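Have a look at it first, then read on.

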Amino acid sequence: MSNVAIVGTGHTKFGVRTDVNLQELTWEAVKQALEEANLEQKDIEMFVVGNAGGWSSEPLSAIAIGEYCNLAPKGTMRVEAACATGSAAIRIAYQAIKSGEAKVALVIGVEQMNQSPHPVAVEMMGRAGNYFWEFENFGLTFPGYYALYATRRMAKYGMKEEDLGSVAVKNHYYGSYNPYATFQKQIKMEDYLKSRVVAYPLKLYDACPITDGAAALILASEEVARKITDSPVWIVSQGFASGTINLSKREEFLTIDASRVATEEAYKRAKIDFSDAWRYFDVADVHDCFTIAEIMAYEDLGFAKRGEGHLMARNGETYIGGKIPVNVDGGLKAKGHPIGATGVSMAVSITRQLLYRAHKGTQADIRNGMGITHNVGGTGHYAYITIYSTRKPNA
Amino acid sequence: MGTLEIKEKQFNEIDKRVLEQIDQLIKIYGMPIMREPKTNNPLWVDVRDLTQRYVIPIGKIYKFFEYLNQGKLIGTKCPKCGTIYFPPQDDCTSCRLSGLTTVELSGEGELLTYTIITVKPLSFMHYQDYIVGIARLKEGINVLAWVNEDPKNIQVGMKVKLSVVKREPEGYITYELRKA
């Protein structure tokens, strides 16, 4: 079994990227990753494309991208795990290198959602639950699914509207320093409170935008990584899990069960103690498709006790200098959430953080050399937790 | 109003405008190319549209729809482990047993959570804002449905009753939650 290193990263500007098509957008990220790793296409043994698809016109996106980026005839596939698609793509390449099947693999995450009209995009996301029993008759939307969690938490744990707002304010604050972010504008609590309701109790400023963007990673075996870089970032472990398709089959609506299960698996492999997990990490990127999701992530990762995640937000403990900096790249909320790109984008952010290459105003203090990404697909339908370190894991 | 009339109304509002725009663009530029208002980026407006309408097999749980037609709501029950399934399913995949029995649901429960959908999906645009809730029934199972109540009267934990109703304007039979 080989250790797996990240040796190259690429990231495009997120936002409305109708200046390019899907393949052209992808190339921006792939080119950057190849240049960083100082590799050529011929050195790439396989490429995995994370693209949830449906929003954009090319059904065989991996092939369209392979041709455009000069990656054919290397083997590929399109993978899908809803909003965790990017992390699922990482998993395929990670396993290929870990097992020795490949020495160098390229991971691509891309989505161009603005190829579809917004009402269609809202429809498609609403369908991403149990289609027949929850959408056909009851027309849930994506904010609607997460709103069910927010309502319950308000009633059970006394979470306030302002607690959700403080997540939005923080992520917009850091987004303002990230040139790749969709929203590079800070917001005030009063802007948040005034924003229009999209699915009560969630407002427009609780939600991530419909986004276009791409990100890329080059993974290599230890043997290859040693030859091409002095500063690899290692993937220490990954945990993944799934939840019920029917939201109605969940128990409490206070936490994302799949995310907890995936976290426990990742921590066990990395020998991290759940109860004080925050001490191990210098920085975290968590899945804040909605502000409520970030609050639940604090608990599911063991950063806050059950029922206290919103207090962590309220007390500003996840700013740089706080207990643990979270989503200091702006998160999905401000950076944007191009579905298939998000997991890869999180990995790029954490890699650059650990190498002290984060954008000015967003760099966390790196003491332990460890970071974590928490990527949830659907409404807790998929969960992928990945742990990164500048120190080589014990193979 | 039936589904045809609803569709025609939606078609008039959205699709027709797009088709007119495509014709206009072709007339002016010789191709369906437009400028995105905000960015001025040139965009090719797809001339091939794709309308998707699935046909979903319901044969194994057909009883559910027969009961619904009689105003009754059922779940299915595994005779071996006693698990009640809602949504109904005919296979108990943990016991590997098929042909489950049916149980009529009490319809009585408490509201676990809810949301009010104000930004609606395209295919739900013709409804007023609606409330979606999840109730836990006495039997210990959860049901997701619209909550037909004034938002001011809704609270997490309140007693609710599940009943069979006609969904207008389509006029098809479904179920909803109300304050008990």
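In what order do the nine strands of the open sheet in chain A run?

## Ground rules

This is a predicted model, where local features need pLDDT of at least 70, side-chain atom pairs count only at pLDDT 80 or more, and totals for chains, interfaces and linings use all residues. Residues are numbered from 1 along each chain as its sequence is written, chains are lettered from A and ligands numbered from 1 in the order in which they are written, and side-chain values use heavy atoms, leaving out hydrogens and water.

## The sheet

Here's the order: S3-S2-S4-S7-S1-S8-S11-S10-S9 in chain A, with mixed pairing. Strands (E, at least two residues) and helices (H or I, at least four) are DSSP runs numbered from the N terminus, and two strands pair if DSSP finds at least two bridges between them. At the edges sit S3 (75-79) and S9 (283-286) of chain A, each pairing on one side only. On average, neighbouring strands of this sheet are turned by 25° against each other, direction ignored.

Zoom in on S1 (residues 4-11) and S8 (residues 233-242) of chain A: they run antiparallel and are joined by two bridges. Ala5(A) has Trp234(A) in S8(A) as its bridge partner.

## Helices that cross

Helix H3 (residues 85-98) and helix H14 of chain A cross at roughly 70°, and their axes come within 5 Å. Axes here are lines fitted to C-alpha atoms, for helices over the stretch in contact, and angles run from 0 to 180 degrees between N-to-C directions. So H3(A) is roughly perpendicular to H14(A), a label that covers 65 to 115 degrees. Gly86(A), Ser87(A) and Ile90(A) in H3(A) meet Gly343(A), Val344(A) and Ala347(A) in H14(A), where contact means heavy atoms within 4.5 Å.

Another pair is H7 (residues 161-175) and H11 (residues 291-300) of chain A, packed at about 95° with axes 8 Å apart. That makes H7(A) roughly perpendicular to H11(A).

## Where the chains meet

The contact takes 41 residues from chain B and 38 residues from chain A. Together the chains bury about 3,300 Å², 64% of it on carbon and sulfur atoms; buried area is the accessible area (1.4 Å probe) that two parts lose on being put together, summed over both. In chain B, Pro87(B), Val119(B) and Leu144(B) lose the most area to chain A, together 16% of what that side buries.

How many salt bridges does the rule find across the interface of chain B and chain A? It finds zero, counting a side-chain nitrogen of Lys or Arg within 4 Å of a carboxyl oxygen of Asp or Glu.

How values were computed
Parallel < 35°, antiparallel > 145°, perpendicular 65-115°, else oblique.
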